[in-house]
Amino acid sequence: ALQEVESHHGDLEVLQLLSERTGLRALAGPTMLRPVGDYGNALLTRLPVLELQRIDLSVPGREPRGALDALLDTPGEPLQVIATHLGLRPAERRQQIQALLAVIDPGIPGPTALLGDLNEWFMWGRPLRRLHVHFGATPAPRTFPAHRPLFALDRIWVKPLRCLRSIAVHDSPLARQASDHLPLVARLELAAGDGAEPT
């Protein structure tokens with residue numbers, strides 16, 4: 001999941017470049033469509049995409065926000081992945097979390113992962129409390145600012161929690177150069193089909 005992805009039409013198509021360099025499929029979730037280029041969220045995946053929805057999380061008078069809701073095909077059950085970047089004000093984030101929790105489909109047989117920059121500075125803020133109730137307590141390593149991380153702004157939540165094996169920060173000189181946030185890496189264990197070992 002990527003946030004603040006900016007592409008300049010005809011000049012620098014960032015998602016196309018990332019897709020070509022990684023061999024992953026790039027899914028765009030622009031929140032701002034401009035004549036010079038788009039700006040917003042993105043998701044890179046090696047898994048086949050069964051369904052894709054773009055969710056508008058914008059609050060009037062604030063920067064447009066959104067989420068990508070992708071249902072991915074795994075060898076076992078499908079995996080719902082929601083990638084987002086929430087607003088800067090607490091009232092915004094409260095509305096946005098309510099909207100995101102409403103799209104998590106209890107009818108989907110497989111697990112759900114919510115990931116992105118939640119912009120939540122307060123450890124016990126209402127948005128985080130609601131997510132803890134829904135997903136369970138999840139590790140929250142510090143990711144911001146990249147040169148000396150103090151805040152856990154970037155999060156990965158997984159339901160059911162038993163699928164989550166680990167969450168860690170990827171810290172390297174290149175990562176600190178690439179962004180002012182350090183990336184998070186989660187390892188999941190998903191049920192495999194036909195009685196095979198979990199993947």
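This is a predicted model: local features need pLDDT of at least 70, side-chain atom pairs count only at pLDDT 80 or more; totals for chains, interfaces and linings use all residues.
Helices α2 (residues 90–103) and α3 (residues 126–135) pack with their axes 9 Å apart, at an angle of about 20°. Angles under 35 degrees count as roughly parallel, so α2 is roughly parallel to α3. The crossing of the two helices is right-handed. On the α2 side, the contact involves Arg-93, Arg-94, Ile-97, Gln-98 and Leu-101. These residues meet Arg-126, Pro-127, Arg-130, Leu-131, His-134 and Phe-135 in α3. The contact of α2 with α3 comprises five nonpolar, two polar and four charged residues.

The largest pocket has a volume of about 2,000 Å³. It is lined by 49 residues, of which Ala-1, Leu-2, Leu-44, Leu-115 and Leu-184 are the closest to its centre. By class, the pocket lining has 30 nonpolar, eleven polar and eight charged residues.

A search of the whole structure finds one cavity of 30 Å³ or more. The largest cavity has a volume of about 60 Å³. Its lining consists of Glu-4, Thr-31, Tyr-39, Gly-40, Asn-41, Glu-63, Pro-64, Arg-65, Gly-66 and His-85. Strand β3 gives the most to this lining, with three residues. Two nonpolar, five polar and three charged residues make up the cavity lining.

How values were computed
Residues are numbered from 1 along each chain as its sequence is written. Side-chain values use heavy atoms; hydrogens and water are left out. Axes are lines fitted to C-alpha atoms, for helices over the stretch in contact, and angles run from 0 to 180 degrees between N-to-C directions. Helices (H or I, at least four residues) and strands (E, at least two) are DSSP runs, numbered from the N terminus. Angles under 35 degrees count as roughly parallel, over 145 as roughly antiparallel, 65 to 115 as roughly perpendicular and the rest as oblique. A crossing is left-handed if the near helix is turned anticlockwise from the far one by less than a right angle, and right-handed if clockwise. Contact means heavy atoms within 4.5 Å. Ala, Val, Leu, Ile, Met, Phe, Trp, Tyr, Cys and Pro count as nonpolar, Asp, Glu, Lys and Arg as charged, and the others, Gly among them, as polar. On a 1 Å grid over the protein atoms alone, a cavity is a set of points where a 1.4 Å probe fits but cannot get out, and a pocket is an open set with protein on both sides within 12 Å along at least five of seven lines; lining residues have an atom within 4 Å of a point. Grid points are joined across faces, edges and corners, and a volume is the space filled by probe spheres set on the points.
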